[in-house]
2 protein chains.
Amino acid sequence: MQPKVSPGAKKSRQCASEAMSESETPPAPRRTAAEEARALVASTNVAALATHSDDGYPWASLVAFGSLDHGSPVLFVSRLAEHARNLERDPRMSLVVVDPHPRADVLASGRVTLAGTAERPGPELAGVAQEAYVEAVPSAKAYVDFGDFSLWVLRIERVRWVGGYGRMDSVDAEAYAAAELDPVVREAPGAVAHLNADHADALLSMARTLGGYPDATAATCTSIDRYGLDLELDTRRGPATTRIAFAERLSEPGQLRAATVALARRARGE
Amino acid sequence: MQPKVSPGAKKSRQCASEAMSESETPPAPRRTAAEEARALVASTNVAALATHSDDGYPWASLVAFGSLDHGSPVLFVSRLAEHARNLERDPRMSLVVVDPHPRADVLASGRVTLAGTAERPGPELAGVAQEAYVEAVPSAKAYVDFGDFSLWVLRIERVRWVGGYGRMDSVDAEAYAAAELDPVVREAPGAVAHLNADHADALLSMARTLGGYPDATAATCTSIDRYGLDLELDTRRGPATTRIAFAERLSEPGQLRAATVALARRARGE
């Protein structure tokens, strides 16, 4: 954890260039904890599962998973595996899903724990659940019809999201299921990589003119979502972070590029 | 899971070119399950932790970890976090450690679950444990002296290793602690990437002349260790896998390059 300079902390430091930008920077909206949790679950097909082992340990194992429309995870596990036998004996479980594009310091990365009860889907749900699993885990096509795998859907009872150091919240199952999935979640990692590789100058302009750091000397994008983007900065006073909001919330996949180009133009005063 | 052609299966297929190489290919040695487990734990500083939550769920969460000389994990967790409160109430836990360079199909990747009891180290062990944690998690330097973190060492009681589809074994705590750590574990991922990027021809020669697949048309290295390397092949009969042993077991870091060059020369008949 490096010391951060927050916009609030700047005021006491008497930098001559600040007055002009400070008041122009409204707080940029962020995803709610429920939206963050939904986005994490949609961003990968890998999780760690915790079940109760027969000898009393909480048992951590690796699973692949799919998910239903409201973000309920679907597991399809070999009956020979210890975690499958555990679920058959005691269906209480949780999954932790970690951002598949973690920060260098992994504890600064987003993750979410979904706890609840694993249920065997009835005939109506089983087909949909199996399709959701195979869509997320294409290699499962090779064994989806084998009888020695069991299909489970997690009935979520409790959600705990951690966004990194000092960002965390609990979410109830209803809020999680009701949260709208960020439509740009799948394109976001590629956009972050592209901005950092090819548009460092645009990011720096954003930090200086829209982000409240006119003395920024370098800017790196650490994440992007339907509401805006997060930047890590170097400034003459040390490292800092800021967030830049899009003009409006994105509502469909594919809108990320145009919204980011518009931000870059606005940052340059065009 | 793609169908694999094993050397054994080939014999019934009457390929003209086989007889010459089949008998020249002794089984290549592999790491034991205990050695695989030790190598996985040494290859990363990230794991998923399972603890017993106070409302009865097995609770999966993300942790960073270090490890002691015999592979016992060290945790250093905020007392404010749910998993720390869980350990204080019930120290039974497990960790799952996943290969940090997973295969495209993550279920083909190596992982290991270490189950046991979390113990607060006494004064003698605490300094060593804390050093091991900070060595593995350098960002912890910033908060290592804060009073609101607690240090734990896992007393391992049960180990379950899964190497991918159909490769798995249980290991007892003594065998895990006694296993020698593969000296090339840290340089292996870079070596795999380098071989695939720059030496596809050498890998193909190895597959054809040392791996028992004279009809291989392409070879990719999937892993490398002190005993040898694993290849995935295309052949005229479909995909296959093979393993090539080094002339002798490597005993020190830094020996990987020379041993691989020697294999490539042997494959070309030099």
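Modeller: Let us begin with contact, which means heavy atoms within 4.5 Å; helices (H or I, at least four residues) and strands (E, at least two) are DSSP runs, numbered from the N terminus. This is a predicted model, in which local features need pLDDT of at least 70 and side-chain atom pairs count only at pLDDT 80 or more, while totals for chains, interfaces and linings use all residues. Residues are numbered from 1 along each chain as its sequence is written, chains are lettered from A and ligands numbered from 1 in the order in which they are written, and side-chain values use heavy atoms, with hydrogens and water left out.

Colleague: Against what do the buried residues of H8(A) pack?

Modeller: Buried means under 20% relative accessible area, exposed over 50%, and partly exposed in between (1.4 Å probe, protein chains only). The buried residues of H8(A), among them Leu203(A) and Met206(A), pack against helix H7 (188-198), helix H9 (256-267) and the strands E9, E10 and E11 of chain A. After H8(A) comes Gly212(A), with a positive phi near 85°.

Colleague: In what order do the three strands of the open sheet lie?

Modeller: Strands of a sheet pair through backbone hydrogen bonds, either parallel or antiparallel; two strands count as paired if DSSP finds at least two bridges between them. Here the order is E9-E10-E11 in chain A, with antiparallel pairing, and the edge strands, E9 (216-225) and E11 (238-245) of chain A, each pair on one side only. Strand E10 (residues 228-235) of chain A joins E11(A) over eight bridges, and Asp230(A) stands opposite Arg243(A) in E11(A).
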